[in-house]
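This report is a guided reading of one protein model for someone who has not seen it before. Please look over the sequence and the structure first, and then follow the sections below.

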Amino acid sequence: MKDNEEATGESRRRDLASPIELSEINQGEQDVEPFVYWTKTHLQTYQPLWHMDIVPLPEMPLFLYPMTIGVQITNDLRYAAEGRLRTGQDFCYFCYTLSGTGGFSDRFGQHHVSEGNAFLTEISDPETRYFYPGVDRKPWKFLAFNFRGLAARAMTRELVSNYGSIYQLSPQSPIIKRMLGFESSPYTTIHPHALDGAEIVLELLLALAASARERAEPDPAMDLIKQALEIIDRDLELDLNVGTLARTMGVNREYLSRAFQKCLQRSPKEILMEMKIRRASFLLKDTDISIKQIAARLGYSDYTNFIRAFRSMTKMTPSEFRQHGSISLPEPLRRKDSAD
């Protein structure tokens, strides 16, 4: 009998999720079966005030694709969700605090997400975690929006890479009012057209980008780069080189080079040469000017240097390009293989 009682007690203990075990789960100190974690912990620690499934028709899964929206509330210190436990889930998550304070941590650190603030993340990012921090023990009430699609993930990743995960939006901002306007009975499903669904996601991401841009600190190096590019485009045919560019801008040549490396991972000499060769491509295709005249017009005193530079970039000589080449669309200035 005693053995049976001990077995029963042990079984009961396994069925309960103790605060200590949850603390260990939340700190990422042990591997936890995601399904067990989700059913025994996360889903029992918050209350949905309303929830709407969004199933756009016709289905266009590569588009920006809304999934669910709703308002939830919690004051349970066990409430937490970790990206490392959500592998295989390929959607993005936007969480906006309506009242109280939530918590979010990522590779940039830990953040308190108070009223009017939000976080944006890929839900399976192993470095992220959102939770109820228990600030003043006031309930955390928040708007939760899930969305997916290759374009959505790419835009979310780009936003987080450039501006971080935390954003500010006024409760009176059009997108927040629009999203709260979906409020319905506790559980509802709607089927908007795929384009209307994509519009909601796009409006949100653009609003977050605009908000972050307004709050971003000025970047003197990027401002310098933009000024330099304007001068290069304007004076490209005036025998321009890096030295004359720096003097025109009133800055040290080394300082200008460091700014280019910081912002574009490129040297001003590389950018200048690429812009000259692109201008030469247009002159070759759109005019009857001789190749020697084009070289001189772009500041190449040695004709053979122009031929060599043109071939290194286009894999053709200027003569071959004039006959058979085509002008490509402009490429991003930053190296394609640069690491963020």
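## Contacts and overall make-up

Among the contacts in the protein that join residues at least 6 apart in sequence, 74% are between residues at least 24 apart. The model is a predicted one, and it has 13 helices and 11 strands. Of its 340 residues, 41% count as buried.

## A threonine in strand β4

Thr 97 belongs to strand β4, which covers residues 92-99. With a relative accessible area of 1%, Thr 97 is buried, because a residue counts as such when this value is under 20%. Its side chain reaches the backbone oxygen of Val 113 at a distance of 2.9 Å.

If neighbours within four places in sequence are set aside, the residues in contact with Thr 97 include Val 113, Ser 114, Glu 115, Gly 116 and Asn 117, and also Trp 140, Lys 141 and Phe 142. Gly 102 is another of the residues in contact with Thr 97.

## Helices α7 and α8

Two packed helices are described by the angle between their axes and the distance between the axes. For helix α7 (residues 220-235) and helix α8 (residues 242-249), the axes come within 11 Å and cross at roughly 120 degrees, and the crossing of α7 past α8 is right-handed.

On the side of α7, the contact is made by Leu 224, Gln 227, Ala 228, Ile 231, Ile 232 and Arg 234, while α8 brings Leu 245, Thr 248 and Met 249. Sorted by class, the residues of this contact are 6 nonpolar, 2 polar and 1 charged.

## Salt bridges

Side chains of opposite charge can pair when their charged atoms come close. The structure holds 13 salt bridges, one of which joins Arg 157 to Glu 122, with the closest N and O atoms 2.7 Å apart. This pair links distant parts of the chain, since Arg 157 lies in helix α4 (residues 150-163) and Glu 122 in strand β7 (residues 117-122), 35 residues apart. Arg 157 is partly exposed, at 47% relative accessible area, whereas Glu 122 counts as buried at 17%.

Arg 234, already named in the contact of α7 with α8, also forms a salt bridge with Asp 235, in which the closest N and O atoms are 2.9 Å apart. Here Arg 234 counts as exposed, at 57% relative accessibility, and Asp 235 as buried, at 13%. In a further salt bridge the side chains of Glu 270 and Arg 266 meet at 3.7 Å, N to O; Glu 270 is partly exposed at 26%, and Arg 266 is buried at 5%. A network of salt bridges links Asp 233, Glu 237, Arg 279 and Arg 297.

## Backbone details in the loops

The peptide bond from Leu 57 to Pro 58 is cis, with omega near -5 degrees, and Pro 58 lies in the loop between β1 (47-54) and β2 (65-74).

Asp 136, which is not a glycine, has a positive phi near 60 degrees. It is found in the loop between β8 (129-131) and β9 (140-148), where Asp 136 is exposed, with a relative accessible area of 62%. Gln 265 likewise has a positive phi in a residue other than glycine, near 55 degrees; its place is in the loop between α9 (253-264) and α10 (268-286), and Gln 265 is partly exposed at 22% relative accessible area.

Definitions and conventions
Residues are numbered from 1 along each chain as its sequence is written. This is a predicted model: local features need pLDDT of at least 70, side-chain atom pairs count only at pLDDT 80 or more; totals for chains, interfaces and linings use all residues. Side-chain values use heavy atoms; hydrogens and water are left out. Axes are lines fitted to C-alpha atoms, for helices over the stretch in contact, and angles run from 0 to 180 degrees between N-to-C directions. Helices (H or I, at least four residues) and strands (E, at least two) are DSSP runs, numbered from the N terminus. A crossing is left-handed if the near helix is turned anticlockwise from the far one by less than a right angle, and right-handed if clockwise. Contact means heavy atoms within 4.5 Å. Ala, Val, Leu, Ile, Met, Phe, Trp, Tyr, Cys and Pro count as nonpolar, Asp, Glu, Lys and Arg as charged, and the others, Gly among them, as polar. A salt bridge is a side-chain nitrogen of Lys or Arg within 4 Å of a carboxyl oxygen of Asp or Glu. Buried means under 20% relative accessible area, exposed over 50%, partly exposed in between (1.4 Å probe, protein chains only). A polar contact is a pair of N or O atoms within 3.5 Å; within protein, one must be able to donate a hydrogen and the other to accept it, and residues adjacent in sequence count only if both atoms are side-chain atoms.
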